[in-house]
Amino acid sequence: MRPLSIAGLAALALLFALPYWIIPLIADAGFWQHVFVTIFVYAAMATAWNIVGGFAGQLSLGHTIFYGIGAYAAVLLNQHFGIIPWFGMLAGAAVSAAAGVLVSWPCLRLRGPFYTLSTIAFLEVVRLLAIHFKDFTGGSAGIPVPMFATTATGMEQRIGWAWMLFRERENTVLIAFGLLVLCIAVATLIRRSRFGYALLAVREREDAAEAVGVNTTRVKLAAVAVSAALTSLVGSFHGIYLNFIEPETMFSLATAIQLAMFALIGGLGTVAGPVAGTLLVVPIAEAARGWLGATANGLHGLVYGLVLVGIVLTMPQGIVGALKPRFALWAGPAHRPPPAAPARDEARARPPIGEPILEARNLTRRFGGLVATNDVSLTLREGEVLGIIGPNGAGKTTLFNLLSGFLPPNEGSVRVRDASGQWVTPDAPHGFADAGVGRTFQIVQPFAGLSVRENIMLGAFHHARSRAEAEAEAERVAALCGLGHLLDLEARSLTVGGAKRLEVARALAMRPRILLLDEVMAGLNPSDVALAVELVRTIRDSGVSIIAIEHVMAAIMAISDRIVVINSGRMIAEGSPEAIAKDRTVIEAYLGEEYVAASA
Amino acid sequence: MEVLPQLIVNGLLLGGAFALISIGLTLVFGIVRVVNFAHGELFMAGLFGAWLLSSKVGLTPYLAAVPLVVILFAAGAAMQRFIIQPLMDADPHIQIFATVGVGTALINLALILFGADIRTSELPWAREPVRFAGLSVARGFLVAFAVSMVATAALVLFLKRTHLGRAIRAVAQNRNAAPLMGIDVPRIYIITFGIGSACVGLAAAVLSPLFPAFPTVGTYFALTAFVIVVLGGMGSLEGAVAGALIIGLVDSLAGYYVAPDLKEVVYFLIFLLILVLKPAGLFGVRGSE
C-alpha cells in the first residue's frame with residue numbers, strides 16, 4: 001500500500017475516534033457529536049458529488065434532488081407503511097439513480113454553464129412539485145419523523161437500530177461515519193478503475209474519449225447513477241436524523257451549492273479533496289458562528305462564499321491539488337521507474353496484404369450547400385497502408401470523420417470487418433473503436449490535464465482489464481513512440497512533435513486493427529519525419545492496416561502501398577505511389593494547370 | 001369576465017420588469033462569455049440600496065436610480081477586475097464557482113446586515129391602479145415597462161452607434177482579433193460587466209416600490225432571468241426582451257390556468273425544453289451553447 005493511502009486511513013480513523021471516544025471524555029459530547037455527524041454527512045455527499053462533478057467534470061448544482069428523494073423515501077415509507085428506514089434508504093437510492101439517469105440523459109450534451117443551469121432548473125421543479133403535492137409530501141409544512149405508530153397491537157415505539165432513531169448520539173455518529181466510508185470507498189474504487197479513467201477522459205476531451213472507445217453518454221449516466229444513489233443514502237439517514245423534513249431544506253439550492261463548494265475547496269477530482277474541503281470549511285464556519293453568537297445569522301454562509309472566492313483565485317486545484325506535489329515528494333516516488341525501451345524485433349517480416357478490412361461505399365456528406373465529401377468509395381485491405389492526399393480543403397479530414405463515425409454520412413455507408421471476421425456498421429465513434437478502428441486527430445487532442453502515461457493508458461483501457469495491465473501497455477507503447485522519458489509529464493506541456501507522437505501512442509495502445517492517421521507528420525522537422533516513417537512501418541509490420549492523410553509528400557510516397565487523391569470532395573485518382581506521382585490530374589490539382597503546361 | 005385581456009396585460013408588464021434584469025445578464029454573457037451566477041444577488045443588493053436610500057435618506061425610490069446605477073456599475077466593474085479577470089483563461093467551472101461564491105457571500109452579508117425581514121421601499125403612488133378599457137394596472141408596472149424598453153433601446157443604440165459600443169461588439173465577435181485593432185480587451189470586459197450590473201441597479205430602483213427586499217430575493221429573479229436569457233438566446237439583447245415578455249405571459253397565464261404555485265414549474269419546463277431542443281435559444285448568437 002502506498003504511504004499516502006496509509007496516511008489517509010489513519011486520518012479517517014482519527015476522524016471517527018474523535019467524536020466517538022475522545023471528545024466524550026473531555027467535553028459536552030452532544031454538541032460535538034452533532035458537529036461531527038454534520039461533517040460526515042456533508043463530506044459523504046461532497047464525495048458522492050465529486051464522482052459526477054469532479055471525475056466526469058459535469059458541474060451539477062442540483063444534487064440535493066437526490067438528497068431530498070432519499071429523505072422523503074425513508075420518511076414517507078416509514079410514516080405510511082411502517083417500512084423501516086433501512087429499506088426506505090435502498091428504495092430511495094434506486095429512485096434517485098433512476099431519476100438521475102432520467103434527468104441527465106437529455107442534458108448531458110449541454111456543456112459548461114448550460115448543464116449547470118439545467119440541474120438548477122430540475123432542482124427547482126422538484127422542490128416546487130414537492131410543495132404542491134401536499135397530500136403526498138406534506139407540502140411546505142413538512143413532516144416530522146414518526147417516533148410512535150399505532151398498530152393492531154397498540155402503540156409501537158419506533159426507536160432503535162431498526163428505525164435509525166436513537167436517544168444516544170453515538171449510534172448516529174457510527175452510521176454517519178459508515179456512510180462516509182462507503183462513499184470514500186466507492187470513489188476510490190472508481191478513481192482507480194477503468195471506469196474512473198473513462199470519466200477523466202470525458203472531462204478532459206469528449207471527442208478524444210470517444211476515439212479511444214469510451215461510450216461517453218453511458219459512462220456519464222453511470223457516474224450520475226452511482227453518485228445519485230450514494231447521495232440519496234446519505235439523505236435518507238440525514239432526514240431521519242433531523243427528525244423533520246420539508247421541501248425548502250431537503251431540496252435546497254444553497255445546500256447543493258455547498259456540496260460542490262466543499263469538493264472544489266478540497267480539490268475537484270481527487271478522492272481526499274471533498275473530505276478535506278468539508279473538514280476545513282464546516283468547522284471554520286461553525287466556530288465563527290459560535291464565536292460571534294446567534295446574532296450573526298448568515299455568518300457561516302458569508303464564510304463559505306468568501307473562502308470559495310479566495311480558493312478559486314489562489315489555488316483552483318483546491319487544497320489537495322495544491323499540496324499533492326509536496327506530499328508526493330515526501331512520500332517518495334509513486335511510480336516505479338519505467339523499464340528500458342524494448343528492443344525492436346527487427347527481423348519480423350512484413351505480413352502480406354490480405355482481404356478487405358474496411359469498405360466505404362458512395363460516401364457523401366454535405367454542410368449546408370457545401371459538398372465536403374462527394375460519392376467517395378474506397379477499400380482498405382488487411383496489412384495495407386493506404387495514403388490519402390489532396391490540397392487543403394479537399395475534404396480529407398471530413399472523410400476521416402466519416403470513416404471513424406465522428407460524422408454520419410448523408411449518403412453511403414462504412415463497414416468494418418471486426419476481430420471475429422463479421423462485417424459491422426457502427427453508428428458512433430466508440431462503436432468504430434470497438435470494431436478495431438483507432439484514429440488520431442489532425443488538431444491534436446490530448447487529455448491536457450493528464451500525464452502522458454495516463455493519456456496512453458486511456459487508450460490501453462480499451463482492452464486492458466486492470467490498471468497494472470494498462471500501465472504496462474502504456475510504457476511499452478510510449479517506448480515504441482519515443483515518449484518513454486516523458487511518461488510523467490503533463491500532456492499540455494508537450495511540444496508539437498511530442499503531442500503528435502502522443503496521438504499515435506494513444507491510438508496504438510488501443511491495439512487497433514485499423515489505424516487512421518490524420519497528418520501525424522505535419523509540422524515536424526525532417527529528422528522527426530524520418531522517425532515517424534519508421535514508426536508507421538513498424539506498426540504496419542505488426543499487422544495493423546493503416547489509412548494515412550499526409551501533406552509531407554516524400555513521407556506518404558515512402559509509406560503507402562496505394563494512394564487515393566481527393567479534390568473538392570471527389571476522388572480524382574487512385575493508384576500506386578509511382579503512378580500517382582506522374583498522374584496529370586493530380587499535378588493539376590496540386591500545382592495548377594499552368595504548371596502542367598509549362599513543364600510539358 | 002375580462003380575465004384573459006387582463007392576464008395578458010399583467011403578463012406583458014411583468015415581462016417588462018423581468019427584461020430590465022435580463023438584459024444585463026445577457027450582455028455580460030454575450031461579451032465576457034461568463035454566466036454571472038451572482039446576477040440576482042446584485043439585484044438584491046440594489047433593492048436593499050433603494051430601500052436604504054428611500055427610508056434612511058428620504059430619496060424617492062425612482063430617484064435612487066441615479067446613485068444605484070453608479071454604485072452597481074462600480075461593483076460590477078470591480079467584480080470583473082478583481083475576480084473574473086484573473087480567471088478569464090481558467091476552466092468555465094472555475095468561473096461558475098467564483099460567481100456562485102460572490103452570490104453566496106452577498107446573500108449572507110445581507111442576512112447579517114438586515115436580517116431575514118422583508119423591507120419595502122414606500123411609494124404608495126406606484127401601487128395605485130390606472131384603469132382604461134376595463135383593465136387595471138399598477139402605475140409602478142407601467143413605469144417599469146417604459147423604463148425597461150427605453151433602457152434596452154438606449155443600450156442597443158449605444159452598442160450600434162458609438163465607438164465604445166462597436167469596440168464591445170468587436171470583442172464579442174473575436175476576442176483575439178480585437179486587440180490587434182487597438183482595443184483594450186480587459187478594459188472592455190470591465191466596462192461591459194459594469195454596464196450589465198448598472199442595468200440591475202436601474203431595475204432595482206424602478207422595481208423597489210413593487211418588490212420588497214429580502215436576502216434571498218435575488219435567487220428567484222436570477223433563475224427567472226436565466227430562463228429568459230436562455231429562451232431568447234444567450235447574448236442577444238432583443239432576445240432577452242422577447243424572452244422576458246414570453247415568460248411574463250407564461251407566468252401570468254399559468255398562474256391563473258394551471259396553479260399559482262406551479263407557474264414556475266411551467267417556465268422551468270419550457271427552459272429545459274429549450275435547452276435540450278434548441279440550446280442557442282430563439283434569437284441565439286453563434287456558438288453560444
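Into which domains is chain A divided? I started my notebook with that, keeping in mind that this is a predicted model.

**Entry 1: the domains of chain A**

I found domain 1 at residues 3-330 of chain A and domain 2 at residues 356-599. I then looked up how far apart they sit: their C-alpha centres are separated by 45 Å. Next I turned to where they touch. On the domain 1 side I noted 16 residues, and these are in contact with 18 residues of domain 2. Two elements of chain A give two or more residues to the domain 1 side, namely α8 (194-204) and α9 (206-211). Of these, α8(A) brings the largest share, six residues. I also sorted the domain 1 side by class and wrote down eight nonpolar, two polar and six charged residues.

**Entry 2: a helix pair in chain A**

Which residues meet here, from α3(A) and from α10(A)? From α3(A) I listed A:F66, A:Y67, A:G68, A:I69, A:G70, A:A71, A:A73, A:A74 and A:V75. Across from them, in α10(A), I listed A:A228, A:T231, A:S232, A:L233, A:V234, A:G235, A:S236, A:H238, A:G239 and A:I240. By class I recorded 11 nonpolar and eight polar residues in this contact, with no charged ones.

**Entry 3: chain B as a whole**

Then I moved to chain B and looked up its helices and strands. I noted 11 helices and two strands. Reading along the sequence, I wrote the pattern down as α-α-α-α-α-β-β-α-α-α-α-α-α. The radius of gyration of chain B is 19 Å, close to the 19 Å that the globule rule gives for 289 residues, so chain B is as compact as a globular protein of that length. For its extent, I noted that the C-alpha trace of chain B spans about 60 × 45 × 35 Å along its principal axes.

**Entry 4: a helix pair in chain B**

The crossing of α6(B) past α8(B) is right-handed. On the α6(B) side, the contact is made by B:V143, B:A144, B:V147 and B:A151. On the α8(B) side, B:C199, B:L202, B:V206 and B:L207 take part. I classed the residues of this contact as eight nonpolar, no polar and no charged.

**Entry 5: where the chains touch**

Last, I looked up how chain B meets chain A. I noted 39 residues of chain B in contact with 35 residues of chain A. Which element gives the largest share of the chain B side? I found α4(B) there, with 16 residues. The elements of chain B that each supply at least two residues are α4 (92-114), α9 (217-232) and α11 (263-277). To finish, I sorted the chain B side by class: 30 nonpolar, six polar and three charged residues.

Note on methods. Residues are numbered from 1 along each chain as its sequence is written. Chains are lettered from A and ligands numbered from 1 in the order in which they are written. This is a predicted model: local features need pLDDT of at least 70, side-chain atom pairs count only at pLDDT 80 or more; totals for chains, interfaces and linings use all residues. Domain bounds come from an automatic or database domain assignment. Two residues are in contact if their C-beta atoms, placed from the backbone, lie within 7 Å. Helices (H or I, at least four residues) and strands (E, at least two) are DSSP runs, numbered from the N terminus. Ala, Val, Leu, Ile, Met, Phe, Trp, Tyr, Cys and Pro count as nonpolar, Asp, Glu, Lys and Arg as charged, and the others, Gly among them, as polar. A crossing is left-handed if the near helix is turned anticlockwise from the far one by less than a right angle, and right-handed if clockwise. The radius of gyration is taken over C-alpha atoms; the globule rule is 2.2 Å times the number of residues to the power 0.38.
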